[in-house]
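Dear colleague,

Please find below the structure that I am handing over to you. My notes on what was found in it follow directly after.

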Amino acid sequence: MSIKNVRLEVMRLLEKDIDTFVDKYLIPVDTIWQPSDFLPDSENENFLEEVKELRELAKEMPYDFWVVLVGDTITEEALPTYESWLMDVEGIDQIERNGWSRWVRHWTGEENRHGDVLNKYLYLSGRVNMKEVERTTHHLINDGFDIGTDTDPYKNFVYTSFQELATYISHNRVAKLAKKYGNQRLAKMCKIISGDEMRHHQAYSEFVKRIFEVDPSQMMLAFQYMMKQKIIMPAHFLRESGQKLGAAWEQFSDSAQRIGVYTSYDYVDIIQKLIAKWQVDKMTGLTDEAEKARDYLMKLPARMLRISERITIPKESHIFKWVEPATAR
């Protein structure tokens, strides 16, 4: 049987438990939070007073914080790209509407709320140039992305396991910074978003764990492949209006590192967590090629840590069109 056919068989095997995955890792629509839970109520007669308070608290946040919050928002708003990519993965069939396509649609429904609530908060805050933010989001959806997984479910599940944990870290750190500056509304908003991301990480990492149990050698090779080429963040094509593809990504990353929201050390830590979660060191029954892949993975965190220690982040913030210089503090 070809590698592709084996993957399809494994996906069908896991699909038998898709209802369990949905019930365990996703929350019904009528139960889960919605953006309006964290924003001023436009039907309330105190709406304008609430908006005024929101805007006053927003003035306390530093420049790099706003850059990161905008970048996080744009990343969440590019959700159509991520859904369309996952729907094309081998074993996921939206024509027959199989169990996997149900998972992707329900996962998308949860993720969609993140961009909604963050976008509305930015709009009400008065601290950013919304038209430039909207243009960047429009560009990012137009430009799409290439995360190097092709349509391989093993590689895609490694990617989503990593990426969901990275977004948990980012939103959780933003929540802590917002709380530090006394912005409780924003802190709660970002904290609950981070909770969603953690649940989704647990789901995708569970998929990988299940695959390791039935096809350990090929799963190990897929894990190695993704780590060798490095995990590219979904907004790696980020650009402002008038810029070339990906021109804003590095400056956005610098802002995130400067305020400690997501750093190169976090990247290494995620690798270590995935190795531990999937018990890569205890895996048995591997082919010689997969054994070599395991050796590579076990040595990778130490190598990546040495690289991280040599990275220098610019001290000065890049001035984005999203956040006007007058906002800088």
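Aspartate 266, with a relative accessibility of 8%, counts as buried; here buried means under 20% relative accessible area, exposed means over 50%, and partly exposed lies in between (1.4 Å probe, protein chains only). Its side chain meets that of arginine 173 in a salt bridge, at 2.9 Å from N to O; the term denotes a side-chain nitrogen of Lys or Arg within 4 Å of a carboxyl oxygen of Asp or Glu. This pair links distant parts of the chain, since aspartate 266 belongs to helix α12 and arginine 173 to helix α8 (residues 153-180), 93 residues apart. Arginine 173 is partly exposed, at 27% relative accessible area.

Before I continue, a word on the basis of these values. This is a predicted model, in which local features need pLDDT of at least 70 and side-chain atom pairs count only at pLDDT 80 or more, while totals for chains, interfaces and linings use all residues. Residues are numbered from 1 along each chain as its sequence is written, and side-chain values use heavy atoms, with hydrogens and water left out.

Overall architecture

The protein chain has 13 helices and zero strands; helices (H or I, at least four residues) and strands (E, at least two) are DSSP runs, numbered from the N terminus. The radius of gyration of the protein chain is 21 Å, close to the 20 Å that the globule rule gives for 329 residues, so the chain is as compact as a globular protein of that length. That radius is taken over C-alpha atoms, and the globule rule is 2.2 Å times the number of residues to the power 0.38. The C-alpha trace spans about 65 × 50 × 35 Å along its principal axes.

Of the 329 residues, 53% count as buried. Among contacts with a separation of 6 or more, 83% come from residues 24 or more positions apart, where contact means heavy atoms within 4.5 Å. The protein chain exposes about 15,600 Å², of which carbon and sulfur atoms supply 50%; accessible areas come from the Shrake-Rupley method with a 1.4 Å probe, and for residues only the protein chains shown count as cover.

The chain carries 44 positive and 52 negative charges, whose mean positions are 5 Å apart. Lys and Arg count as positive and Asp and Glu as negative, with His and the chain ends not counted. The place of a charge is taken as NZ of Lys, CZ of Arg, CG of Asp or CD of Glu.

Further salt bridges

Side chains of opposite charge can pair when their charged atoms come close. A search of the whole structure finds 17 salt bridges. One of them joins aspartate 143 to arginine 239, with the closest N and O atoms 2.8 Å apart. This pair also links distant parts of the chain: aspartate 143 is in helix α7 (residues 130-143), and arginine 239 is in the loop between α10 (216-229) and α11 (249-258), 96 residues apart. Aspartate 143 is partly exposed at 22% relative accessible area, whereas arginine 239 counts as buried at 17%.

Within helix α12, lysine 273 and aspartate 269 are four residues apart, so about one helical turn separates them. Their side chains form a salt bridge of 2.6 Å, N to O. Lysine 273 is partly exposed at 44% relative accessibility, and aspartate 269 is partly exposed at 28%. Elsewhere, salt bridges that share partners join Glu110, Arg113, Asp196 and Arg199 into one network.

Leucine 274 lies in helix α12 (residues 264-277) and is buried, with 0% relative accessibility. Beyond its neighbours within four places in sequence, leucine 274 contacts Ser161, Phe162, His201 and Phe223.

Histidine 171, in helix α8, is buried at 3% relative accessible area. Leaving aside neighbours within four places in sequence, its contacts are Asp72, Glu76, Leu118, Cys190, Ile193, Ser194 and Glu197.

Backbone points

Aspartate 150 has a phi near 55°, a positive value in a residue other than glycine. Aspartate 150 is located in the loop between α7 and α8 and counts as exposed at 56% relative accessibility. Glutamine 279, likewise not a glycine, has a positive phi near 50°. Glutamine 279 sits in the loop between α12 and α13 (288-309) and is partly exposed, at 41%.

Yours sincerely
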